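User: I have a structure open and would like to go through it by question and answer. Please keep the answers brisk.

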Number of protein chains: 2
Amino acid sequence: MPSDLFSHRLTQPLLATVAATDTPLVLAGVLLSLVVIYVGSKIGGELCDRINLPPVLGELVAGVVIGVSAFDILVFPSATEDGSGSVIMTLLQLTSNISPESVTSVFEAQSEVISVLAELGVIILLFEIGLESDLKELLRVGPQATVVAVVGVAVPFTLGTAGLILLFHTPVVPAIFAGAALTATSIGITAKVLAEIQQLTSREGQIIIGAAVLDDVLGIIVLAVVASLAREGTVEVGNVVYLIVSAAAFLVGSIWLGRLLIPVFETVVDGLKTRGQLLISALIFAFILAYIANVIQLEAILGSFAAGLVLAESQRRRELEEQILPIADMFVPIFFIAVGARTDVSVLNPFVPENREGLIVASFLLAIAIFGKLVTGLTVFGQPGINRLAIGIGMIPRGEVGLVFAAVGSASGVLSKSLNAAIIVMVIFTTFLAPPFLRLAFTKPTATAEISEESSK
Amino acid sequence: MPSDLFSHRLTQPLLATVAATDTPLVLAGVLLSLVVIYVGSKIGGELCDRINLPPVLGELVAGVVIGVSAFDILVFPSATEDGSGSVIMTLLQLTSNISPESVTSVFEAQSEVISVLAELGVIILLFEIGLESDLKELLRVGPQATVVAVVGVAVPFTLGTAGLILLFHTPVVPAIFAGAALTATSIGITAKVLAEIQQLTSREGQIIIGAAVLDDVLGIIVLAVVASLAREGTVEVGNVVYLIVSAAAFLVGSIWLGRLLIPVFETVVDGLKTRGQLLISALIFAFILAYIANVIQLEAILGSFAAGLVLAESQRRRELEEQILPIADMFVPIFFIAVGARTDVSVLNPFVPENREGLIVASFLLAIAIFGKLVTGLTVFGQPGINRLAIGIGMIPRGEVGLVFAAVGSASGVLSKSLNAAIIVMVIFTTFLAPPFLRLAFTKPTATAEISEESSK
């Protein structure tokens with residue numbers, strides 16, 4: 001009977017061996033990346049805080065510094081990057097007996113983990129923002145937000161596309177793509193800045209957030225339409241209708257259904273007796289909505305934002321906010337550092353002759369990107385005394401959404417390197433310029449005092 | 001000039017396309033997995049809590065139920081599993097336009113992410129346990145813990161190896177491997193149970209934790225030695241000496257140095273003004289130590305445990321404990337569910353004739369595993385009135401450490417399927433049996449009252 005206890009020797013699959021030996025290395029790579037991310041985010045955030053700029057800008061700059069543009073400490077896989085240029089992978093090779101064949105697979109696996117953690121970061125950020133928003137206030141500013149969003153999509157798209165075709169003789173399809181890349185505001189960055197200057201629940205803040213949410217939905221529809229146009233040369237009407245209907249149905253439906261289910265949620269949480277009953281129940285709700293939003297071709301962040309909005313109506317809102325705080329502190333910096341690290345600002349260098357063309361196109365796109373959103377502030381109606389400049393500025397940053405456009409356009413082969421670079425430059429500048437100007441547009445002595453008090457706690 | 005804006009069309013690498021289209025699917029898979037994990041952990045935990053068993057046992061059982069043994073909802077890649085048998089992947093295919101070629105890569109990527117999240121879970125669990133431990137008390141029980149650890153490694157290893165060779169005529173190398181798999185106690189499971197019954201800081205709890213930490217170090221040395229023996233037929237003395245020295249130097253060194261650096265840590269945290277200053281600083285410290293422990297061939301959890309022990313001496317301990325709580329609530333269930341989900345209990349089925357042989361060997365290993373740790377309680381000296389039975393039982397669960405042995409043994413080809421199955425059965429039973437008996441051994445009416453009070457908060 002026991003004679004076969006030894007018989008399977010050397011007949012096991014090699015795959016399991018590779019996985020078993022590489023897994024600790026992937027973990028080591030993730031731990032090292034997280035240390036770099038946290039150290040970078042704190043240094044960047046604190047430096048910006050000292051010179052009265054929003055810490056989130058410092059986190060983005062720290063991401064650029066440690067990323068592909070400068071020190072190559074935290075880099076992500078690309079056509080030209082297999083891990084050999086990553087300082088983290090080099091350090092990992094120096095400190096562990098990693099085989100040269102494993103470098104690329106370990107690099108890709110740890111980058112995938114960091115990417116997903118970054119995406120969980122923006123999902124949790126939007127959940128927190130939803131939780132801190134006031135749905136009634138958001139619905140009250142709905143008409144204004146809708147106008148701001150529609151104008152903020154239509155103006156930059158039309159001017160950008162027409163300008164590229166007429167002024168720069170860009171072919172129609174890439175021109176439409178670049179125009180579309182000008183449309184979507186980054187909720188994440190604006191909302192973080194608004195939260196930092198305590199303006200998230202102001203009328204202006206609510207209009208900006210509401211418009212940015214709608215804008216994101218419109219932007220995703222535009223992206224889907226343009227990407228399909230780029231792929232097939234035609235626009236599929238059925239697909240466009242599907243996207244519009246599903247986005248509207250999802251947002252309205254999840255918030256309406258969620259509000260009905262709040263008493264059920266509270267009864268379940270009250271009935272649970274083990275640790276983390278409130279937090280885990282809330283995360284289940286947020287992740288389900290994020291999953292649904294993701295699979296119906298929208299963005300996961302819309303789902304978690306809707307979940308936050310719904311749970312903001314719960315009696316346990318304060319308790320939940322307190323528990324989400326450390327989780328957001330842990331996840332959100334991963335997102336901002338990753339956005340910065342992925343962005344290659346070397347295409348900005350004006351001393352390299354090949355960059356000149358891209359720089360001119362970029363300047364044009366940047367001007368349209370800023371103008372096209374600033375005018376949205378003028379369209380706000382029925383709100384006497386509202387800070388129109390702040391609303392316009394609040395809509396400017398493109399951030400991660402703009403980067404998604406650039407990535408999809410680059411991957412589909414529609415965008416040339418220089419046009420792609422021009423879009424990235426536009427995204428970087430809008431993202432980096434908006435926060436300080438937004439802070440400026442809102443500046444009141446009392447607000448500043450509150451922030452210093454808040455942050456020194 | 002702008003004529004080349006269109007020239008790169010269709011010349012972009014395909015790699016970028018695959019990555020760009022698959023990333024949202026990986027995120028969707030991770031979100032779905034997390035929802036399944038959280039729902040399972042809450043159902044299992046709450047059911048066990050209702051019948052007065054530790055919730056962690058319920059989380060493990062829930063993991064088994066949703067894992068490879070029963071419903072195949074959450075499964076991990078293996079030689080026979082490419083994602084086609086995963087309910088989560090099937091659901092993902094039903095709800096999104098995932099191409100059949102992408103299924104395996106998306107499955108592997110999302111499994112990798114969940115695996116790393118599970119490892120971060122046990123790292124954070126050990127950090128929290130370190131933070132709640134009392135280093136002075138742990139040093140005070142040092143001599144007792146050392147004796148318990150050494151006996152708890154020597155007895156099961158000797159009896160297991162000798163018994164397999166003499167009673168079952170197992171060849172020497174696999175017998176030594178199986179004997180070694182009997183040695184290492186799972187800190188995670190025991191510590192979680194001890195925390196639940198408020199015995200973490202009792203003398204018994206401190207001896208168990210201290211012994212389990214040493215035990216883990218000894219177990220990893222044994223594993224390294226045995227794995228090297230299995231690979232090369234010889235034991236490398238230099239490697240053994242390196243492992244022993246590095247483990248001792250790491251633990252003593254990091255704790256000694258860490259205690260010296262506590263004032264520096266507090267000064268840095270006091271100087272930071274942006275959100276999350278305490279939590280992020282603590283995580284940086286914990287992840288650096290975990291990384292160092294990982295790359296010097298120890299386990300990452302030893303590093304985070306040492307970090308927790310050190311920070312427990314900080315003046316900000318209470319504040320940090322409060323902030324770690326929700327993070328542990330979010331990450332730790334991923335670890336316990338993943339351990340359960342990976343374990344294939346179908347090898348337990350006594351109605352399948354092929355399992356009989358493994359079951360007999362398993363019964364023998366289980367008996368040695370329990371006996372070999374129970375005797376450790378008798379070796380505690382100089383502690384009158386100590387609960388020797390509780391210490392012995394506390395050392396029984398093998399959990400994730402035993403599963404690492406089984407995985408390495410299986411991958412290296414040393415273990416036959418039946419001996420591998422026998423080790424897994426031993427791991428499952430010790431893991432599942434220890435928590436209720438540990439609770440029983442500690443049972444006092446007051447303790448039970450405290451728990452119900454604690455958990456109903």
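Predicted model: local features only at pLDDT ≥ 70, side-chain atom pairs only at ≥ 80, totals over all residues.

User: What share of the area buried between domain 1 and domain 2 of chain A comes from carbon and sulfur atoms?
Analyst: In chain A, 23 residues of domain 1 are in contact with 24 residues of domain 2. The two domains bury about 2100 Å² between them. Of that area, carbon and sulfur atoms give 74%.

User: Which residues in domain 1 of chain A lose the most area to domain 2 of chain A?
Analyst: Three residues together make up 27% of what the domain 1 side buries. They are A:Val56, A:Leu60 and A:Phe76.

User: Which element gives the largest share of the side of domain 1 of chain A that touches domain 2?
Analyst: Polar contacts between the two domains of chain A come to three residue pairs. On the domain 1 side, helix 1 (14-50) and helix 2 (55-66) of chain A are the elements giving two or more residues. The largest share is 10 residues, and it comes from helix 2 of chain A.

User: How far apart are the end C-alpha atoms of helix 6 of chain B?
Analyst: Helix 6 of chain B has 27 residues, 142-168. At 1.5 Å a residue, helix 6 should therefore span 39 Å. The distance in the model agrees with this: 38 Å.

Notes
Residues numbered from 1 in each chain as written. Chains lettered and ligands numbered in written order. Heavy atoms only, no water. Contact = heavy atoms within 4.5 Å. Buried area = accessible area lost by both parts, 1.4 Å probe. Polar contact = N/O pair within 3.5 Å; in protein donor to acceptor, adjacent residues only side chain to side chain. Helix = DSSP H or I, 4+ residues; strand = E, 2+ residues; numbered from the N terminus. Expected span 1.5 Å × (residues − 1).
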